[in-house]
Amino acid sequence: MASGTIAENKRVTNLSVSNNHGRKVLNIYRVSASGTDKTKVTFCTDVDKSVIVHNFEKRGWVQVGPEDDWNFYWAVTQSCRNIFSVETGYRMDDKQIINHFPNHYELTRKDLLVKNIKRYRKELEREGNPLAERGDGPGKYLYLDFIPITFVLPADYNMFVEEYRKSPQSTWIMKPCGKSQGAGIFLINKLSKLKKWSREAKNPFNPNLAKESYVISRYIDNPLLIGGKKFDLRLYVLITSFRPLKAYLFKLGFCRFCTVKYDTSIQELDNMYVHLTNVSVQKHGEEYNSKHGGKLSVHNLRLYLESTRGKAVTEKLFANITWCIVHSLKAVAPVMANDRHCFECYGYDIIIDNDLKPWLIEVNASPSLTSTTVNDRILKYKLIDNIISIVVPPEGVPDVRWNKCPPPEALGNFELLLDEELVAQEEKEYSSGKYRSSSSKWK
């Protein structure tokens, strides 16, 4: 009888099984021994990076293939689209999570980001919201002016020409909507150059033709320089829900520097080592330093600015960066497919101008996890480790049924930007006289 009890305790039991309708659901196996339960958590990934695999393995998780039963899938965007495609018929179980939202491109495609922010402004304006108060000049906003003037080509070509003619000496930057890492980007300072490019590309600006779209934006020609060089900020923002919005900012962001000193002369207009901060571009330059990778931590940037510009204006700058991130997320939240199985870490690229005004340049759905230096590797290892700690419940097993409110110790190097659920709860307590201050509101 006793031996039968031991056998019973060690038995492997299936908690969830596949049905016979061709759809795939999750199997989790629980092994009971000596009265304790131990759950085997499985992961799979398309991204062959040790910073990902090591973070899973150190938790005792087991790697499987995408066709197997997995709990946590660190996928490329195409795999995520395939999973959510109606054609595949894949249905995720409560014990499965994946690292992209189905239509993340509403935030990460350059043209859609601009469209959503413009719509957001107009909706707030219609509501009479003071956030949408207009500034000086057409298209200017006092509080929501955090993206450069931007048009989508070919559709907005005529509107672009009208804007260009208001200040014909200005420089504009052209970017293909669906590419990354600096591919296909160039600067123009004459309308004739754009027309020439159009002819050479055999791509006349006819809105009725279906073709690759570009965005053309007013170039930030007065960037803040350090050591005479242009740089941008790469910040990591984790979203665990869009409705209600739950957003976290990774405190270990960094600056990415150009390798050649900034020069606005026409002769250097085509020199991408002067104008583009992408590491994928700069690492091919003769001046590239592989030891520090052309990077400076956000912490050191803050110290530098406090010593050269003052603490008050530095605090204001970082508050404005937070503002810009939060409102870009609020702009896309209504159109995002807010699947409870999803979370996503976005790479925000922000340029600071010489007046210490931040400009949102673009948002990346798959920020690079390639390590160019030792410090880079340590940073990205911490990033992945902290993300897993936040998106997985305290019990250590992925489960979409939890409230997605991680304990403070799980945040690691992340800080809470906004949790609309907690804000609503605080407002309710405040109105009932039971308010207790917490850090749930974004800073």
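Which backbone oxygen does the side chain of Lys404 reach? The side chain of Lys404 comes to 2.8 Å from the backbone oxygen of Thr240. The model is predicted: local features need pLDDT of at least 70, side-chain atom pairs count only at pLDDT 80 or more, and totals for chains, interfaces and linings use all residues. Residues are numbered from 1 along each chain as its sequence is written, and side-chain values use heavy atoms, with hydrogens and water left out.

**Overall architecture**

- The protein chain has 13 helices and 19 strands, both taken as DSSP runs numbered from the N terminus (helices: H or I, at least four residues; strands: E, at least two).
- Of the 443 residues in the protein chain, 48% are buried; buried means under 20% relative accessible area, exposed over 50%, and partly exposed in between (1.4 Å probe, protein chains only).
- Among contacts with a separation of 6 or more in the protein chain, 66% are between residues 24 or more positions apart, where contact means heavy atoms within 4.5 Å.

- Lys404 is placed in the loop between helix 12 (374–391) and strand 19 (414–419), and it counts as buried because its relative accessibility is 14%.
- Lys404 has a positive phi of about 55 degrees although it is not a glycine.
- Most residues other than glycine have a negative phi, and most peptide bonds are trans.
- Lys404 and Ser241 are 163 residues apart in sequence, yet their C-alpha atoms are 8.2 Å apart in space.
- With neighbours within four places in sequence left aside, Lys404 is in contact with Thr240, Lys246, Tyr248, Arg340 and Cys342.

**Thr45 in strand 4**

- Thr45 belongs to strand 4 (residues 42–45) and is buried, with a relative accessible area of 16%.
- A polar atom of the Thr45 side chain lies 2.9 Å from the backbone nitrogen of Val47, and one lies 3.0 Å from the backbone oxygen of Trp74.
- A polar contact is a pair of N or O atoms within 3.5 Å; within protein, one must be able to donate a hydrogen and the other to accept it, and residues adjacent in sequence count only if both atoms are side-chain atoms.
- Leaving aside neighbours within four places in sequence, the contacts of Thr45 are Ile52, Val53, Gln63, Tyr73 and Trp74.

**Aromatic rings and charges**

- Rings of Phe, Tyr and Trp (its six-membered ring) pair if their centres lie within 6.5 Å; planes under 30 degrees apart count as stacked, over 60 as edge-to-face and the rest as tilted.
- By this rule there are 18 aromatic pairs; one of them is the tilted pair of Phe160 and Tyr164, 6.0 Å centre to centre with 45 degrees between the planes.
- Phe160 and Tyr164 are four residues apart in helix 6 (residues 157–166), about one turn of the helix.
- Phe160 counts as buried at 0% relative accessibility, and Tyr164 counts as buried at 7%.
- Phe43, Phe56, Trp61, Phe72, Trp74 and Phe343 are linked into a cluster by ring pairs.
- The charged end of Arg302 sits over the ring of Phe318, 4.1 Å from its centre, while Lys118 lies over the face of Phe151, 5.5 Å from the ring centre.
- A charge sits over a ring if NZ of Lys or CZ of Arg is within 6 Å of the ring centre and within 35 degrees of the ring normal.

**Helix 10**

- Val298, Leu301 and Leu305 are buried in helix 10 (residues 298–308).
- They lie on the same side of helix 10 because they cover an arc of only 50 degrees around the axis, the arc being that of the directions from the helix axis to the C-beta atoms.
- The exposed residues His299 and Ser307 are on the face turned away from the buried side of helix 10.
- Elements packed against by the buried residues of helix 10 include strand 13 (229–242), helix 11 (311–332) and strand 17 (344–352).

**Cysteines**

- The structure holds zero disulfides, a disulfide being a pair of cysteine sulfur atoms within 2.5 Å.
- The closest cysteine sulfur to that of Cys80 is in Cys342, 5.5 Å away and therefore too far for a bond.
- Cys80 is buried, with a relative accessible area of 1%, whereas Cys405 counts as partly exposed at 26%.

**Cis peptide bonds**

- The peptide bond from Leu153 to Pro154 is cis, with omega near 10 degrees; Pro154 lies in the loop between strand 8 (150–153) and helix 6.
- Arg243 and Pro244 are also joined by a cis peptide bond, with omega about 0 degrees.
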